[in-house]
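The sequence and the structure come first.

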Amino acid sequence: MKCKFDTSLLQALIDDNIEPLELIFLSEHLKVCKSCMDELKMLYSIDQSLKSLFNEDNEYMDKLSSKTELVIDNLFAQLEEEKKLKDIINDSAKMSGLIIENSSRFLEFMPGIPLLRRMGRTYKDRIISYAIPHRKKAK
Ligand SMILES: [Zn+2]
């Protein structure tokens, strides 16, 4: 025979939002009604399963988020390293450029260099004139 007791009180008990008077009333009823006691056990077991599922889910989400964080951190660190490497390469390229520029500028002020340059030009012209002695214009 099905009990006519208000089973929402059983859920209220499990959810821990039962009124004190309702609790007394329910407790007294549970002492005598096997049907409601079984119902309470079933509801309680469902509640526990849901809670453990929820907790596992939370644990999983925590693991997931920490893994995601780790991946993101690694990615950022990698990008930072690449950026640093790029900066180092850029800087050293700029530095080499400056060194070459300054060295060649310095050469301008070395004694004899302008003379050597003029001689070189003359020498080069002479080599060309020797290498192609009878150069003719193309018809
Ligand atoms: Zn009952």
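## Burial and the overall fold

A residue is called buried if 20 or more other C-beta atoms lie within 10 Å of its own, and exposed if 12 or fewer do. In this predicted model, 1% of the 139 residues of the chain count as buried.

The chain has four helices and zero strands, and along the sequence these elements follow the pattern α-α-α-α.

## Confidence

The mean pLDDT of the chain is 78, and 78% of the residues score at least 70. Confidence is lowest in helix H4 (residues 113-131), where the mean is 70, and highest in H2, where the mean is 89.

## Helix H2

Helix H2, which covers residues 20-32, has 13 residues and reaches 19 Å from its first C-alpha to its last, close to the 18 Å expected at 1.5 Å a residue. Of those 13 residues, the number buried is one, so H2 lies largely in the open.

Asp-16 lies in the loop between helix H1 (8-14) and H2, and its phi is near 60°, a positive value in a residue other than glycine. Because Asp-16 has 6 C-beta neighbours inside 10 Å, it counts as exposed.

Definitions and conventions:
Residues numbered from 1 in each chain as written. Predicted model: local features only at pLDDT ≥ 70, side-chain atom pairs only at ≥ 80, totals over all residues. Helix = DSSP H or I, 4+ residues; strand = E, 2+ residues; numbered from the N terminus. Expected span 1.5 Å × (residues − 1). pLDDT = per-residue confidence, 0-100.
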